[in-house]
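Welcome to this guided tour. Please open the structure in your viewer and keep the selection tool at hand.

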Amino acid sequence: MEKYDLIVIGAGNGGLMTACRASQLGLKVLVVERHNLPGGAASSFVRGRFEFDASLHEIPDFGQGEHRGELGRLFDELGIKVEMVPIKDAFRYVVEKDGQRSLDVVFPHGRDKVMKLIEEICPEDVEAMENSFSAYGDMERGLAYFGACRGQIDPEVLRKEHPNFMRIMSLSAGELFRALGMSEKCQRILSAYWPYQGTDIETVDASRYLMMVYGYFVNGAYVPKMRSHSLSTAIADRAAQLGCRFLYDKEVTRILTSQGRVCGVELDDGRVIETRAIASNAFPEVVYARLLDDRSLVPPFELKKANARKYGFRAFSVYLGLDAPPEEIGISDYTVFISTTDDSRLICEQSRTRFGREYALDVCCLNMAVPDCSPEGTTEIILTISYTDDAWADVSEEDYVRIKREIADQLIDNLEKTMGYHIREHIEEIEIASPVTFARYMYSPQGSIYGYASLKWDGMSSRMLASGMEQTIPGLFFVGGHGSSLSGYFPTYTGGNKAAFQIMGYVRGGGKR
Amino acid sequence: MKKDYLNSVPAERFAAIIPNRRRVIESASAEMPQYEYNANVLARSLHPKVQHVIVKDIAEMPAARLYTLVPDQEKETEKLAYFQAGQYISLDLQIGESRLSRPYSLCSSPSLALRGEYQILVKTMNNGFASAYINENFQIGTRIDISGPSGFFYHEPLRDGSKVIGIAGGSGIAPFVSMAQAIAEGIADFDLTILYGSRTEEEILFRKQLDDLAEKCERIKVDYVLSDQQKEGFRFGFISSELIREYLTDDSSVFVCGSQGMYDYIRQQTQQLDLPLRRVRFDAYGEYRLTGRDQKHLDRHGDQKYQLTVRTNDGFVHTILARGDESILVALERAGIKAPSRCRSGECGWCRTRLLSGAVYTPQMTERRRQYDKVAGYIHACCSFPCSDCEITVNCQ
């Protein structure tokens, strides 16, 4: 009988990183993945002469050389080698409605450049902006303290040495901006990044928003030269090198328990494999309601939590391979956030339906960072809108493709009108992904790509503080976008890494926590 | 740097984070949570991994048979997945010791799928191992496993012209029969002119059905082209650039489905027409056969036999022989190893596998790998031909 220390269900970012670190720590690890390749959403697909990234736009905190960021260091530490390319600017933010443009600004990377821009466009916000960078520093220091004491926090130390960290932890991003005395205009400009958090800036935690936005501003953003598929494959290959085994095209159909703790899995081919611990890249509700052999073991609090939570963004993306170079299309930016309003709350509200009157369209052109990502004389762009609710709940099998096309058509239309791009006459390849597509490849409820929504009671601060206290079945750990670190590449990688240490503690401690 | 920039925020708020969290969670239901929603159900029903079907009906055609497939309810396939006219399904076959797959275009209307039926056309090809087996052995009641609908050979209005010139050779007519029905039924919205090449009039497949569709629906036209027979009412010769030009407008896309040899010829013709790549689309043609383009490989490795070490994901290691002139996928299938595959022409990536050691040749025509896979040593087994002894990993089905 095969026996493992750890079985990882699902080779998404969280699962892969957990597997890689756990293998490096010396655990005997098996990864079971339903698809025939690793990555989940961190994958790519080929259409004709083009290769599109399924989900990745950019990653914070990678860094290069002396500015190597936390994620870059994690990859180095584990011996994972991937070629990353820096992205020049942070984003361009265009707010336009009915042909009336109210904002068009390009945000650079680099603290000094950001400050220079603020001096130009929001001179009255210079002090508030300086303070927001201080807040980022305080946040980083606080998190470092948290990480160092592995959950055993000394309240006295916290109060004395990290008072601002404590304050930031209790605020939403909007509240923080106001507490810093930032002008309405500056707040709204800084809110451009909200789609990367899946919720408006009055709901998302200041802690999370600061870490991302200022992580980008200070350390820049990176993208792999060969799509996120290179990240996923490199992590999987490294894990395999460290002794991890991978079963692709196989599915865990049951999680087995004994004396109240997990002890094995059953696969779709009927095989039973023993293990001491399980890291689930599958959502808790899938584990509890579908996979677990004994549902009575689930603590009621965990069931309530699963019911209380809301899902994060479900995405709709249009991948376009164009047969003209970016300059001919009219593209000059890597990322453009196009929005009908700079009020993120209004857009989140309207994003409950398939196509609201107010919408935010995110346009990403990889050629601006990786010029040879597509053949010479071509361009690839990805348009994305997101849903804050189960907007595809009423779609039937028969209508599905037509509805997908209608929305894609509208997005291309709006993009051409707003930015003046020449798209239609150059479409050589097109693929459209809806929440159904993400549900197909990720098996996430409703096709969520962002795990659980970052809500006021369930944001980064609250999940972080609660992470040591809320426990499910012994031996069962959750990694991925629904884990305690929230969604996104950075959080799922670092979260998966952290989980591996907890799992090692559990396994080495003979099943005690 | 100021330290007191946040003094307006009461410090006590921090202490309220966890109690707030608990309050919300405690007020929720303790029932088993829902884990499947419409998007999940739809994803599964549009893209089933496998569909168990039964042959319900067989119609004889010139050197071919038309099979009607229905769900095998006993094996818990309740319905058939909807598809886009032009897509294919892949059949799982066991012939003697070999485990293999074959892609066949669905030639029935998508609407028929909603009523629980698919139709596929199987023409007995020269030296066609699988097609001969199917047409000799399949009977009403035969149970088979097929994939979900696959492939990208369908009309995409956001990309393609509204007037499609469909170039079909022999059994390559199948996807166009589906498209024509979809147009006639109002499911698809484009004009279709089919230039259908056969050797002789007798070999024309779906003749009556195509003529009826063209008669009934003015958006559909069929022009039969015979290569070996001069006859009134038919074009004579090959589907040349001149013939294509007769139908070409500014709003045209050329769709091609037929044999590999025909693709080489049509590619030359469309090049003469100066059509941009986006205006010409080729269906996946199944097995790639090495040709003059691949002469260098054939000269050095064509008659060689190499040792292929296969590590499967169920923990077995097999050592088999692989011929230099056959793909690694075929070697696996001959050895009875059920490797995943669908399109068999490089584009679907289903047969992606890791080359642990050794060298393979990938014909440029079939190169559809991800960029990183090329540098990291991953291959598509269906269009990788061994140049040495090799070791690979395979996810067995």
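Which residue of β11(B) does Ile167(B) stand opposite? Select Ile167(B) and look across to β11(B): the residue facing Ile167(B) is Val256(B). Before going further, please keep in mind that this is a predicted model.

**Stop one: a parallel sheet in chain B**

Now widen the selection to the two strands around that pair. Strand β7 (residues 163-169) and strand β11 (residues 252-257) of chain B run parallel and are joined by six bridges. Show the rest of the sheet as well: six strands of chain B form an open sheet with parallel pairing, in the order β10-β9-β8-β7-β11-β12. At its edges you will find β10 (235-236) and β12 (280-282) of chain B; each has a single partner strand, so one side of each is left without a neighbour in the sheet. Next, select helix α8 (residues 260-272) of chain B, which packs on this sheet and touches β7, β11 and β12 of chain B. The direction of α8(B) makes about 160 degrees with that of β11(B).

**Stop two: a mixed sheet in chain A**

Move over to chain A and colour the strands β8-β7-β15-β16-β17-β14-β18, given here in their order across an open sheet of seven strands. The pairing in this sheet is mixed. Strands β8 (100-108) and β18 (427-433) of chain A stand at the edges with a single partner strand each, so one side of each has no neighbour in the sheet. On average, neighbouring strands here are turned by 15 degrees against each other, direction ignored.

Within this sheet, pick out β15 (residues 335-339) and β16 (residues 360-365) of chain A, an antiparallel pair with five bridges. Select Thr335(A), and its bridge partner in β16(A) turns out to be Cys364(A).

**Stop three: a hairpin and a helix turn in chain A**

Select residues 252-258 and 261-267 of chain A to see strands β11 and β12, which run antiparallel and are joined by six bridges.

Now go to helix α8 (residues 184-190) of chain A, which holds both Arg188(A) and Glu184(A), four residues apart, about one turn of the helix. These two form a salt bridge, with the closest N and O atoms 3.0 Å apart. Over all chains, the structure holds 76 salt bridges.

**Stop four: where the chains meet**

Finally, show both chains together. How many residues does each chain give to the contact? Chain A gives 104 residues and chain B gives 74. Together the chains bury about 7,600 Å², of which 58% is on carbon and sulfur atoms. On the chain B side, select Tyr5(B), Arg21(B) and Leu158(B): they lose the most area to chain A, together 11% of what that side buries.

Across this interface there are 10 salt bridges and 39 residue pairs in polar contact. To see a salt bridge between Arg281(B) and Glu429(A), zoom in on their closest N and O atoms, which are 3.1 Å apart. Elements of chain B that give two or more residues to its side are α1 (13-26), α2 (38-46), β15 (352-357) and α11 (371-376). The largest share, 10 residues, comes from α1(B). Coloured by type, the residues on this side divide into 37 nonpolar, 17 polar and 20 charged.

Notes: Residues numbered from 1 in each chain as written. Chains lettered and ligands numbered in written order. Predicted model: local features only at pLDDT ≥ 70, side-chain atom pairs only at ≥ 80, totals over all residues. Heavy atoms only, no water. Pairing = 2+ DSSP bridges. Axes fitted to C-alpha atoms, helices over the stretch in contact; angles between N-to-C directions. Contact = heavy atoms within 4.5 Å. Buried area = accessible area lost by both parts, 1.4 Å probe. Salt bridge = Lys/Arg side-chain N within 4 Å of Asp/Glu carboxyl O. Polar contact = N/O pair within 3.5 Å; in protein donor to acceptor, adjacent residues only side chain to side chain. Nonpolar A, V, L, I, M, F, W, Y, C, P; charged D, E, K, R; others polar.
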